[in-house]
Amino acid sequence: MKKWMCLPCGYIYDPEIGDDNNDIGPGVKFEDLPEDWVCPLCGASKEDFEKTE
């Protein structure tokens, strides 16, 4: 699964880890996150993320 980086703050969303701050468990792809999900560090929207290698 691809990781995604928040452009404003550099947070990396790793689907293998999920996002404990927003009750997102491991295994949830970025594309499957709720539309209102935001970066747990800076509050940026999903549109502010890009895939990383």
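**View 1. The largest nonpolar core has 11 residues.** Its members are Trp4, Cys6, Tyr11, Tyr13, Ile24, Phe30, Leu33, Trp37, Cys39, Ala44 and Phe49. The model is predicted; local features need pLDDT of at least 70, side-chain atom pairs count only at pLDDT 80 or more, and totals for chains, interfaces and linings use all residues. Residues are numbered from 1 along each chain as its sequence is written, and side-chain values use heavy atoms, with hydrogens and water left out. A nonpolar core is a set of buried Ala, Val, Leu, Ile, Met, Phe, Trp, Tyr and Cys residues joined through side-chain atoms within 4.5 Å. Buried means under 20% relative accessible area, exposed over 50%, and partly exposed in between (1.4 Å probe, protein chains only). In soluble globular proteins, nonpolar side chains tend to be buried together.

**View 2. Cys6, a member of the core, and its contacts.** Cys6 touches Tyr11, Cys39, Cys42, Ala44, Asp48 and Phe49. This list leaves out residues up to four places away in sequence. Contact means heavy atoms within 4.5 Å.

**View 3. Three strands form an open sheet.** The order is S2-S1-S3, and the pairing is antiparallel. S2 and S3 are the edge strands, each pairing on one side only. Strand S1 (residues 4–6) is joined to S3 by 3 bridges. Within S3, Lys51 is the bridge partner of Trp4. Strands (E, at least two residues) and helices (H or I, at least four) are DSSP runs, numbered from the N terminus. Two strands pair if DSSP finds at least two bridges between them.

**View 4. Trp4 and Phe30 form a stacked ring pair.** The structure holds 7 aromatic pairs. In this one, the ring centres lie 4.2 Å apart and the planes meet at 15°. Trp4 belongs to strand S1, while Phe30 sits in the loop between S2 and S3, 26 residues apart. Both residues are buried. Rings of Phe, Tyr and Trp (its six-membered ring) pair if their centres lie within 6.5 Å; planes under 30 degrees apart count as stacked, over 60 as edge-to-face and the rest as tilted.

**View 5. Trp37 and Phe49 form a tilted pair.** Their centres are 5.3 Å apart, with 55° between the planes. Trp37 lies in the loop between S2 and S3 and Phe49 in strand S3, so the pair ties together parts 12 residues apart in sequence. Trp37 is buried, at a relative accessible area of 3%. Phe49 is buried too, at 6%. Ring pairs link Trp4, Tyr11, Tyr13, Phe30, Trp37 and Phe49 into a cluster.

**View 6. Lys46 is a buried lysine.** Its relative accessible area is 9%. Lys46 is placed in the loop between strand S2 (12–13) and strand S3 (49–51). The Lys46 side chain reaches two backbone oxygens: that of Phe30 at 3.3 Å and that of Leu33 at 3.0 Å. Lys46 also lies over the face of Phe30, 5.3 Å from the ring centre. A charge sits over a ring if NZ of Lys or CZ of Arg is within 6 Å of the ring centre and within 35 degrees of the ring normal. Beyond four places away in sequence, Lys46 touches Phe30, Glu31, Leu33, Pro34, Glu35 and Trp37.

**View 7. Thr52 lies in the segment after S3.** Thr52 is buried, with a relative accessible area of 19%. Not counting residues up to four places away in sequence, Thr52 touches Lys2, Lys3, Trp4, Met5 and Ile12.

Conventions. Polar contact = N/O pair within 3.5 Å; in protein donor to acceptor, adjacent residues only side chain to side chain.
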